[in-house]
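Trainee: I would like to learn how to read a protein model. Please take me through one.
Mentor: Gladly; here it is.

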Amino acid sequence: MSLVKRDIRAVLFDLDGTLADTLADLANATNWALAQLGCPTHSTDSYRYRVGRGARELCAGALPADRQGLVDEAVRLMREHYDAHCFDLTTLYPGIAELTSSLAERGAKLAVLSNKPDDFTKRLIAHYFKPSPFAVVRGQLPNVPLKPDPTAALKIARELAIAPTQWLYLGDTDTDMQTARAAGMEPVGVLWGFRERDELVQSGATHVVSRPDEVLELIG
């Protein structure tokens with residue numbers, strides 16, 4: 001595996017599908033909302049292709065085409081269920097705790113950026129990382145565009161005073177790779193998450209890793 005040919009000083013992580021396997025809890029919460037509204041539910045695996053662009057788009061994509069007027073209520077119900085059950089089946093991916101510890105020991109600054117609402121993002125990180133190795137943890141905030149818009153990623157880079165070109169961006173979807181490219185960060189796709197290699201490469205990944213420890217090989 002070739003090294004990233006830049007002076008990497010920081011790593012920005014996506015959350016869902018990158019740090020943690022949240023798929024079953026997200027699917028269960030969305031299906032519960034759909035059931036309350038009398039709409040068909042979907043298989044857990046199908047949610048691999050529904051998550052990643054925020055709760056509103058998740059619910060809109062899960063609702064039938066003729067029930068789109070229920071999006072706001074679906075989001076409310078989904079969040080209600082997820083609030084009570086977000087730790088039921090979610091786990092960190094094997095090797096993630098070791099990766100973040102190793103990066104922190106090497107002096108790299110670490111941050112999290114998710115399209116998950118900010119309160120849930122902070123709650124999950126606080127639950128699974130004790131103590132947290134992340135200098136910044138950020139989810140969806142009012143008046144800040146969701147990924148793949150680079151605004152939030154660039155704001156994190158400014159807050160930590162590290163140029164975008166010195167960041168590795170780790171994510172599992174096209175949204176993440178597009179965000180990294182738009183922000184001028186190094187896009188690295190992960191294969192343990194929700195999507196496949198082809199999507200990651202076609203959306204701009206310069207490297208694709210199959211295990212967390214391979215990230216350490218990338219930065220030497």
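**Reading the model, feature by feature**

Mentor: Start with T173, which lies in the loop between β6 (167–171) and α7 (174–183). Helices (H or I, at least four residues) and strands (E, at least two) are DSSP runs, numbered from the N terminus.

Trainee: What should I know about the model itself?

Mentor: It is a predicted model: local features need pLDDT of at least 70, side-chain atom pairs count only at pLDDT 80 or more, and totals for chains, interfaces and linings use all residues. Residues are numbered from 1 along each chain as its sequence is written, and side-chain values use heavy atoms, with hydrogens and water left out.

Trainee: Is T173 buried or exposed?

Mentor: Buried means under 20% relative accessible area, exposed over 50%, partly exposed in between (1.4 Å probe, protein chains only). T173 has 4% relative accessibility, so it counts as buried.

Trainee: Which residues is T173 in contact with, leaving aside its neighbours within four places in sequence?

Mentor: Contact means heavy atoms within 4.5 Å. By that test, and with those neighbours left aside, T173 touches R195, E199 and L200.

Trainee: Where is T18 found?

Mentor: Look in the loop between β1 (10–13) and β2 (20–21). T18 is buried too, with a relative accessible area of 0%.

Trainee: What joins the side chains of T18 and D172?

Mentor: A polar contact of 3.3 Å. The term means a pair of N or O atoms within 3.5 Å; within protein, one must be able to donate a hydrogen and the other to accept it, and residues adjacent in sequence count only if both atoms are side-chain atoms.

Trainee: How do I read backbone angles?

Mentor: Most residues other than glycine have a negative phi, and most peptide bonds are trans. Now look for departures. The peptide bond from K130 to P131 is cis, with omega near -5°. The bond from K147 to P148 is also cis, with omega near 20°. P148 sits in the loop between β5 and α6 (151–159).

Trainee: What is the phi of N143?

Mentor: It is positive, about 65°, although N143 is not a glycine. N143 is placed in the loop between β5 and α6. With 81% relative accessibility, N143 counts as exposed.

Trainee: And where does A161 lie?

Mentor: In the loop between α6 and β6. A161 has a positive phi of about 55°. Its relative accessibility is 61%, so A161 counts as exposed.
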